[in-house]
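Please look through the structure shown here slowly, keeping the sequence beside it. The paragraphs that follow go from one part to the next.

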Amino acid sequence: MNIVTNDLCVRWLIRLVKKKRSPDDTHTASAKARTDDERMTIKITDQDFPPLQEYIQQQCGIVLRDTQQYLLESRLQHLLSMHQCGTFGEFLRLVKEKNSPVLREKIVNAMTTNETFWFRDSHPWQNFAAHLLPQWEKELQNSLHKKRIWSAAASMGHEAYSMAMLIDDFCGSRHKCAMKNSVEILGTDISTSALYVAISGNYDEMAMSRGFTPPFDGYRRTCFKQTGKVWEISSHIKKMVVFKQFNLQNSFITLDKFDLICLRNVIIYFSDEFKRALFKKIAQTLNPGGYLLLGASETPIRYTRRFRSVKLGDSVYYQLKE
Ligand SMILES: C[S@@+](CC[C@H](N)C(=O)[O-])C[C@H]1O[C@@H](n2cnc3c(N)ncnc32)[C@H](O)[C@@H]1O
């Protein structure tokens with residue numbers, strides 16, 4: 001990975017998001033819900049819904065079901081007011097006419113669901129530390145290659161930082177500092193407002209109240225610095241992760257290969273066709289024997305035969321077939 005390029009990319013992203021954030025932009029799920037309730041006024045007609053459904057799917061792959069008109073109504077309401085549009089049809093016409101990347105980004109930020117928390121589902125991460133890290137430790141002794149991890153729908157960074165905390169702990173407890181420098185973590189997401197939080201590494205009390213259950217509870221104290229109501233991730237953890245914006249609809253060619261790809265709690269939003277294409281690209285982007293980790297309710301089985309399910313402890317990981 002070209003660290004310099006990525007560093008520039010991260011700095012660019014921070015500037016971009018800071019510049020584009022307006023009081024109407026929100027970057028937490030709770031804030032999004034609040035604005036949803038407060039501004040619910042304009043209803044979407046049956047005529048205006050299908051073209052907007054199609055537009056959202058084109059931009060980010062998210063499929064809105066026919067019963068999800070309320071999602072567009074609540075999440076795009078503030079953009080309609082901001083652009084003085086009286087109907088959703090008028091808004092879509094404006095979006096297409098303006099063809100503005102900034103407006104497109106605001107729509108995507110509003111329509112993505114960034115729900116996430118630390119060490120989500122617990123057992124995949126216990127088994128990552130108990131099984132995968134010792135395996136990698138052995139493999140790294142006979143190899144010059146680094147191990148590369150991709151948190152492919154990283155949201156606000158919890159998943160990528162959770163892995164960084166585990167790696168840091170694993171290396172610290174074994175005095176294996178060399179291994180820490182041999183693992184790279186990339187976190188990507190389509191949402192710039194979610195990435196803004198990830199890159200800042202600052203979390204509020206609500207975010208810090210979710211996921212630090214045993215055996216992970218100690219990391220709240222050892223890996224964060226609390227100043228008032230803000231918890232900042234420690235610099236030694238922060239520097240283990242590089243974040244950048246990436247749309248999973250794009251080609252993966254620029255990303256290089258990975259040994260573990262986490263694609264958790266995101267494919268549920270996509271069409272079968274998109275899932276099939278996505279699993280194909282993931283298989284091409286994993287090193288031989290590399291692993292794919294999905295969310296608890298997700299499986300690649302209907303979409304590809306390139307993976308075998310393997311148990312790491314009591315967690316199911318999907319390993320690329322030879
Ligand atoms: C529910 S969150 C899951 C976060 C994390 N993986 C977890 O399991 O806690 C889904 C994330 O997928 C991102 N997402 C949705 N569509 C995407 C796309 N086409 N490309 C990249 N990220 C996308 C959203 O912005 C959101 O942050």
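Which residue in E5 does Tyr203 stand opposite? In this predicted model, the residue that stands opposite Tyr203 is Trp231 in E5. To place that pair, note that E3 and strand E5, which covers residues 230-233, pair in the antiparallel sense over 2 bridges. These strands belong to an open sheet of 3 strands, whose order is E3-E5-E4 and whose pairing is antiparallel. Strand E3 (202-203) and strand E4 (224-227) stand at the edges of the sheet with a single partner strand each, so one side of each has no neighbour in the sheet.

The protein has 14 helices and 10 strands, and buried residues make up 36% of its 322 residues. As for confidence, the protein averages a pLDDT of 89, and 86% of the residues score at least 70. Over residues 1-31, however, pLDDT stays under 50, and for this stretch the model has 38 contacts beyond four places in sequence.

The next stop is strand E1, which covers residues 147-151; 5 of its 5 residues are buried, and therefore the strand is largely enclosed by the rest of the structure. In a regular strand, side chains alternate between the two faces of the sheet. On E1, Lys147, Ile149 and Ser151 point one way, while Arg148 and Trp150 point the other way, and all are buried. E1 pairs in the parallel sense with strand E2 (residues 183-189) over 5 bridges, and within this pairing Trp150 stands opposite Leu186 in E2. E1 also pairs in the parallel sense with strand E7 (residues 258-263), here over 3 bridges, and Ser151 stands opposite Cys262 in E7.

The bridge partner of Leu312 in E10 is Ser315. The hairpin of E9 and E10 has 2 residues between the strands, and in it Gly313 takes a positive phi near 60°.

That angle leads to a wider point about the backbone. Most residues other than glycine have a negative phi, and most peptide bonds are trans. Gln84, although it is a residue other than glycine, has a positive phi near 50°, and its place is in the loop between helix H4 (69-82) and helix H5 (88-98). Phe119 is likewise a residue other than glycine with a positive phi near 50°, and it is found in the loop between helix H6 (101-111) and helix H7 (123-141).

Is Gln84 buried or exposed? Gln84 has 9 other C-beta atoms within 10 Å, and because a residue with 12 or fewer counts as exposed, Gln84 is exposed. Phe119, by contrast, has 25 other C-beta atoms within 10 Å and is buried, since 20 or more such atoms make a residue buried. Between these cut-offs a residue counts as partly exposed, and this is the case for Cys171, with 19 C-beta neighbours inside 10 Å. Cys171 has its place in helix H8, residues 158-174; Cys171 and Glu137 are 34 residues apart in sequence and 9.4 Å apart in space, taken from C-alpha to C-alpha.

The peptide bond between Pro214 and Pro215 also deserves a look: this bond is cis, with an omega of about 10°. Pro215 lies in the loop between helix H11 (205-208) and helix H12 (219-222).

Definitions and conventions. Residues numbered from 1 in each chain as written. Predicted model: local features only at pLDDT ≥ 70, side-chain atom pairs only at ≥ 80, totals over all residues. Pairing = 2+ DSSP bridges. Helix = DSSP H or I, 4+ residues; strand = E, 2+ residues; numbered from the N terminus. pLDDT = per-residue confidence, 0-100. Contact = placed C-beta atoms within 7 Å.
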